[in-house]
Amino acid sequence: MRDAPRFTWAEGGALAWLLGGFLILGVYYALDNPLCKPDEAFHYAYAFYLRSDHGLPVIQVIPGRSQFTPVEMEAHQPPLYYAGVAGLAALLNLRERIVPSVNPYLLGTLEGNRCLTVPLYSTFSESPIFFTGRLVSLVCGAMALLFAYLLCREFLPWPVALLSVAFMGFNPQYLFIATSFSNDMPVTALVHLGLWQLGRAIRAGLHRKRALILGGIIAGATLTKLTGLGLLIPLGGIALWQAWRTRGGRPLLNAGLAALVVAVGGSWWFWRNWRLYGSPFATHLLTVLLGRRSSPWTLEDLRDFLAYVWKSYWLAFSPGGLLFAEPPVYGGISLICLLALFGLIRALRWNKSIHPLFALIWGWFLIVFLSFLYLTQSTPLFIGGGRLLFPAAIALGATLAVGLTQLFHRFPFVPAGFAILLAIYAAAAPIRYIHPAYPRPHRVQTLEHPPRYPLGISFGDGYFELIGYDLQLTQVAGRSALAITYYWRTLREISHNFSVFIHLQIQREGQIALLTQVDTYPGYGSYPTSAWRRDWIFIDRLALPLPPPGSVFSGTIVTGLYDLPTMERLPAYDREGRRFPNDAVPLAELWTDSTGALHLLAPVDAEGQR
């Protein structure tokens with residue numbers, strides 16, 4: 001049995017500075033950045049469902065069904081994190097002024113609509129439950145760093161343990177996910193707590209008290225996310241190793257006691273899944289929700305998967321491949337990791353005391369990775385990305401710290417410099433990638449320049465006023481388009497989201513037909529009407545794709561607002577109170593002549609010109 005490491009004031013102060021820096025960056029990531037993080041809308045819907053006293057959500061599994069509600073998309077997840085956020089919201093009596101929701105027009109337009117969640121931006125006062133979920137995740141991210149440090153401290157000197165946690169926590173993607181409304185960070189915290197206790201078990205033995213503690217931790221992790229259940233594998237491995245060394249069965253009995261605690265703690269959840277879905281773990285629901293892959297994997301699929309996971313482990317600030325870093329960034333990180341791996345091999349050769357640590361953390365990393373690979377092979381898309389490896393993030397963090405320290409043992413400032421550069425990059429990443437891709441809505445209280453074509457159209461029961469608009473022929477994604485700049489004024493605040501439509505309609509055999517159209521929430525989803533504030537003017541630029549060159553047509557550009565679930569249009573009235581036919585406001589006439597030239601005829605503008 002070995003003594004626990006002793007902590008000094010210098011060590012405690014350094015750790016406090018690191019965790020403080022992480023929390024400061026995390027608050028910035030949580031509060032200042034848009035609501036565009038992976039699956040946040042679905043996780044939030046789960047917690048909001050509980051907050052609304054509906055109980056646990058159920059997925060309605062019906063043969064042939066392909067569309068599911070937002071709350072169903074994460075309803076297969078264990079409830080501990082969501083119940084915690086809902087309980088905290090109830091305790092503090094938090095109520096949403098703006099309820100973030102799923103964008104029904106995601107990727108449905110040639111530009112914009114790149115965010116799953118609407119509105120794109122909100123504030124704590126407007127959406128306190130949403131941001132509470134993010135801040136709970138941030139606290140869990142900091143706790144994961146603390147537990148990872150304590151694990152490394154069992155085997156490493158404190159400067160190297162601190163460096164391990166720095167490489168783990170100042171990863172831009174770790175910060176991005178640590179400030180997301182999801183259960184990724186809570187399970188990461190509980191798993192690293194479990195890894196720390198497993199490290200203690202390696203050093204001091206797997207006695208009964210530690211087995212009970214580990215059982216409780218693994219049960220809590222399992223009820224947060226199924227990943228946590230996998231900790232039973234390294235627990236069993238450690239018990240077998242100690243039973244072989246001691247030639248006794250007590251470690252195995254203690255491991256069985258821990259497994260019993262897990263079984264009892266999670267039995268109700270497993271039974272519920274069995275009763276509802278016919279499986280205690282309900283992992284098959286992923287193919288129900290996301291669809292089933294129609295063809296087996298190839299070597300090319302595996303290569304693409306590994307590349308995607310590696311890139312998204314370090315920086316992927318939106319779903320899919322929409323917002324990755326530049327290739328040289330990943331190349332530089334890969335080079336540093338290869339250097340660290342070479343250094344780690346040398347360190348393992350000369351320092352056998354660290355063998356148990358790396359056997360534990362890389363064994364665990366392999367378990368998490370293989371389970372991730374197994375699950376994603378059955379779905380048509382790569383699920384999750386590198387964030388699903390964060391419950392084993394200390395493996396890479398410790399590898400970088402130990403490997404670089406060994407390689408540059410004569411220049412100890414070099415590994416620390418790499419960690420500082422990573423932290424600086426993480427601080428700059430939102431400005432570099434997120435803000436340009438997701439600009440804030442353009443809102444003003446007074447107009448410096450009036451719209452070229454004034455209107456004064458009112459919609460609904462005095463909800464909104466379309467002050468006027470501008471027109472401009474442009475190009476969008478290589479296609480000719482008509483850019484329309486709307487000048488909206490909010491007359492009454494509402495909690496409902498209305499959609500904007502832009503139609504190029506023509507007469508065909510005496511009937512109105514649509515030649516091309518755009519349907520979206522205002523701001524391409526960035527600023528839906530539920531977020532509009534009274535007396536503010538929202539300047540919104542949308543673009544209508546035009547027919548391909550050579551098309552011959554003559555039509556009218558019309559616009560309006562409608563309710564997507566019912567497809568009912570909001571009544572539209574001119575200044576004299578006359579209602580527009582079909583509640584469609586004409587904006588311009590558009591036609592091509594015999595030569596194919598495009599002509600645009602708008603109403604008289606503010607200066608009396610067409």
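Phe459, Tyr463, Phe464, Tyr486, Trp488, Phe498, Tyr527, Trp532 and Phe538 come together as one aromatic cluster. Here, rings of Phe, Tyr and Trp (its six-membered ring) pair if their centres lie within 6.5 Å, with planes under 30 degrees apart counting as stacked, over 60 as edge-to-face and the rest as tilted. This is a predicted model, in which local features need pLDDT of at least 70 and side-chain atom pairs count only at pLDDT 80 or more, while totals for chains, interfaces and linings use all residues. Residues are numbered from 1 along each chain as its sequence is written, and side-chain values use heavy atoms, with hydrogens and water left out.

Helices (H or I, at least four residues) and strands (E, at least two) are DSSP runs numbered from the N terminus. Buried means under 20% relative accessible area, exposed over 50%, and partly exposed in between (1.4 Å probe, protein chains only).

**Aromatic pairs**

- The count by this rule comes to 41 aromatic pairs.
- Tyr46 and Tyr82 are stacked, at 3.9 Å centre to centre and with 5 degrees between the planes. Tyr46 belongs to helix H2 (residues 40-51) and Tyr82 to helix H3 (residues 80-91), so this pair ties together parts 36 residues apart in sequence. Both Tyr46 and Tyr82 are buried.
- Tyr105 and Tyr521 form an edge-to-face pair, because their ring centres are 5.4 Å apart and their planes stand at 75 degrees. Tyr105 sits in the loop between strand E1 (101-102) and strand E2 (117-118), and Tyr521 in the loop between strand E8 (511-520) and strand E9 (537-545), so the pair links parts 416 residues apart in sequence.
- Tyr105 counts as buried at 10% relative accessibility, and Tyr521 is buried at 8%.

**Salt bridges**

- There are 21 salt bridges, each a side-chain nitrogen of Lys or Arg within 4 Å of a carboxyl oxygen of Asp or Glu.
- Arg440 bridges to Asp32, with the closest N and O atoms 3.2 Å apart. Arg440 is in the loop between helix H16 (413-437) and strand E3 (442-444) and Asp32 is in helix H1, so parts 408 residues apart in sequence are tied together. Arg440 is partly exposed at 49% relative accessible area, and Asp32 is partly exposed at 28%.
- Glu493 and Arg533 meet in a salt bridge of 3.4 Å, N to O. Glu493 is partly exposed at 39% relative accessibility, whereas Arg533 is buried at 9%.
- Arg578 and Glu576 also form a salt bridge, at 3.2 Å from N to O, and both Arg578 and Glu576 are exposed.

**Around Ser182**

- Ser182 lies in the loop between helix H6 (172-178) and helix H7 (184-204), and is buried at a relative accessible area of 1%.
- Beyond its neighbours within four places in sequence, Ser182 is in contact (heavy atoms within 4.5 Å) with His43, Tyr81 and Ser137.
- The side chain of Ser182 makes a polar contact with the side chain of Asp184 at 3.2 Å. A polar contact is a pair of N or O atoms within 3.5 Å; within protein, one must be able to donate a hydrogen and the other to accept it, and residues adjacent in sequence count only if both atoms are side-chain atoms.

**Around Leu31**

- Leu31 is placed in helix H1 (residues 9-32) and is partly exposed at 37% relative accessibility.
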